[in-house]
Amino acid sequence: EKGLGGNHVLEDARLLSMLLASSQEPIDWPRVIEDYERQMFSRAKAAVQESESAAEYFFNLRSCS
């Protein structure tokens, strides 16, 4: 819906690139992955809630007709 899947892929790539670029050598992979997942899941949760709200809105519109 609305190209959100493609947008999330690009945002995930940007986020991971930023986290890797800001890491010092050697890369602390567990920390990078934890930071990445925390931010990714937070963004995904917001998208799911928005989608649920839209579905509820359209269901209620259909129920009123």
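Let's start with Asp12, which touches Tyr36, Met40 and Arg43, leaving aside residues up to four places away in sequence; contact here means heavy atoms within 4.5 Å. Asp12 sits in helix α1, where helices are DSSP runs of H or I with at least four residues, strands are runs of E with at least two, and both are numbered from the N terminus. With a relative accessible area of 17%, Asp12 is buried. Buried means under 20% relative accessible area, exposed means over 50%, and partly exposed is in between, with a 1.4 Å probe and protein chains only.

A quick word on the model before I go on. It is a predicted model, so local features need pLDDT of at least 70 and side-chain atom pairs count only at pLDDT 80 or more, while totals for chains, interfaces and linings use all residues. Residues are numbered from 1 along each chain as its sequence is written, and side-chain values use heavy atoms, with hydrogens and water left out.

Now to the core. Which residues make up the largest nonpolar core? There are 5 of them: Leu15, Leu19, Val32, Tyr36 and Met40. By a nonpolar core I mean a set of buried Ala, Val, Leu, Ile, Met, Phe, Trp, Tyr and Cys residues joined through side-chain atoms within 4.5 Å. The elements giving two or more residues to this core are α1 and α2, and α2 gives the most, with 3 residues. As a general background point, nonpolar side chains in soluble globular proteins tend to be buried together.

Val32 from that core has its own set of neighbours: not counting residues up to four places away in sequence, Val32 touches Leu16, Leu19, Leu20, Ser23 and Ile27. And if you look along α2, you will find Val32, Asp35, Tyr36 and Met40 buried.

Let's stay with α2 and check its length. The expected span of a helix is 1.5 Å times one less than its number of residues. For the 36 residues of α2 that should come to 52 Å, and the end C-alpha atoms are 52 Å apart, which agrees.

On to the charges. How many salt bridges does the structure hold? It holds 4, where a salt bridge is a side-chain nitrogen of Lys or Arg within 4 Å of a carboxyl oxygen of Asp or Glu. In general, side chains of opposite charge can pair when their charged atoms come close.

Arg31 counts as partly exposed at 34% relative accessibility, whereas Asp35, at 14%, counts as buried. Asp35 also forms a salt bridge with Arg38, with the closest N and O atoms 3.2 Å apart, and Arg38 and Asp35 are 3 residues apart in α2. Through shared partners, salt bridges join Arg31, Asp35 and Arg38 into one network.

Two distances may be handy if you have a viewer open. Arg31 and Glu52 are 21 residues apart in sequence and 31 Å apart in space, C-alpha to C-alpha. For Arg14 and Ala44, the figures are 30 residues in sequence and 15 Å in space, again C-alpha to C-alpha.

Next, the loop between α1 and α2, which is the place of Pro26. Is the peptide bond from Glu25 to Pro26 cis or trans? It is cis, with omega near -10 degrees.

Last stop, the surface. Tyr57, Phe58 and Leu61 make a nonpolar surface patch of about 340 Å². Patches are made of residues with over 30% relative accessible area and no salt bridge, with like charges joined within 9 Å and nonpolar side chains (Val, Leu, Ile, Met, Phe, Trp, Tyr) within 5 Å. The areas come from the Shrake-Rupley method with a 1.4 Å probe, and for residues only the protein chains shown count as cover. Phe58 has its place in helix α2, residues 29–64, and counts as exposed at 54% relative accessibility.
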